[in-house]
Amino acid sequence: MDIFSPEKRRRIMAAIGSKGTRPEMAVRRYLFALGFRYRLNHGRLPGKPDVVLRKYRTCIFVNGCFWHGHDGCRMAHLPKTNTAFWEGKIARNKLRDADVQRRLAAMGWHCITVWECELAPKRREETLRRLEFTLNRIFLTDRAMTYSPPEEENQMAAEPDNPPFL
Ligand SMILES: [Zn+2]
């Protein structure tokens with residue numbers, strides 16, 4: 001079942017384009033066509049997430065397979081020369097990514113990683129439909145739990161307010 005009419009869905013899919021689109025642009029254009037609103041490269045969040053959907057309390061990272069070390073991916077193969085150097089570099093990137101996602105999760109954010117290879121023209125539509133499904137599920141689940149994630153203001157207010165000089 002689709003919440004959009006076939007005509008609307010057709011226009012949404014057309015908005016993504018089929019080639020020559022940078023991976024994160026494909027994600028952004030798709031979300032925008034669906035009516036999602038977001039911020040880009042949010043500098044105040046760990047890791048500067050590519051796309052931030054505040055209403056969904058979700059950060060999306062669009063990761064290049066090589067630089068972020070996509071496990072088991074053909075596009076992540078290391079160069080034959082200088083292999084140890086690249087191994088170390090990619091391993092550090094992966095550790096940093098994992099750390100960023102842990103920190104975001106601790107702040108109550110959902111994290112979604114979309115890999116570059118999943119946005120190749122052949123796989124793009126399926127990937128974006130899955131992303132849409134995941135976001136809707138996150139929204140419904142969060143509401144069902146009637147859980148309101150701490151906002152920055154509330155976090156401030158939740159600080160122990162013992163006068164410091166007593
Ligand atoms: Zn990949």
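Select helix 3 (residues 83–106): it has 24 residues and reaches 35 Å from its first C-alpha to its last, close to the 34 Å expected at 1.5 Å a residue. The expected span is 1.5 Å times one less than the number of residues. Helices (H or I, at least four residues) and strands (E, at least two) are DSSP runs, numbered from the N terminus.

This is a predicted model, in which local features need pLDDT of at least 70 and side-chain atom pairs count only at pLDDT 80 or more, while totals for chains, interfaces and linings use all residues. Residues are numbered from 1 along each chain as its sequence is written.

Stay on helix 3 and colour by burial. A residue is buried if 20 or more other C-beta atoms lie within 10 Å of its own, exposed if 12 or fewer, and partly exposed in between, with C-beta atoms placed from the backbone. Two of the 24 residues of helix 3 are buried, so the helix lies largely in the open. Now pick Gln101, which is in helix 3. Gln101 is buried, with 20 other C-beta atoms within 10 Å. From its C-alpha to that of Ile112 is 9.2 Å, across eleven residues of sequence. After the helix comes Gly108, whose phi is positive, near 90°.

Strand 3 (residues 58–63) and strand 4 (residues 110–115) run parallel and are joined by six bridges; two strands pair if DSSP finds at least two bridges between them. Within this pairing, Phe61 has Thr113 as its bridge partner in strand 4. Together with helix 3, the two strands make a right-handed β-α-β unit. Right-handed means that, with the strands pointing away from the viewer, the path from the first strand over the helix to the second runs clockwise.

Strand 1 runs antiparallel to strand 2 (residues 51–53), with two bridges between them; here Leu40 stands opposite Val51.

Which residues touch the most other members of the largest nonpolar core? They are Val27, Tyr30, Val51, Cys59, Ile60 and Val114, in a core of 22 residues. Such a core is a set of buried Ala, Val, Leu, Ile, Met, Phe, Trp, Tyr and Cys residues joined through C-beta atoms within 7 Å. Helix 2 (23–34), strand 2, strand 3, strand 4 and helix 4 each give two or more residues to it. Centre on Ile60: leaving aside residues up to four places away in sequence, Ile60 touches Val27, Pro49, Asp50, Val51, Ile112 and Val114. Contact requires C-beta atoms, placed from the backbone, within 7 Å.

Arg57, in the loop between strand 2 and strand 3, has a positive phi of about 50° although it is not a glycine. Arg57 is partly exposed, with 18 other C-beta atoms within 10 Å. Asn82, in the loop between strand 3 and helix 3, is likewise not a glycine and has a positive phi of about 60°. Asn82 is exposed, with 10 other C-beta atoms within 10 Å.

Technical notes. Contact = placed C-beta atoms within 7 Å.
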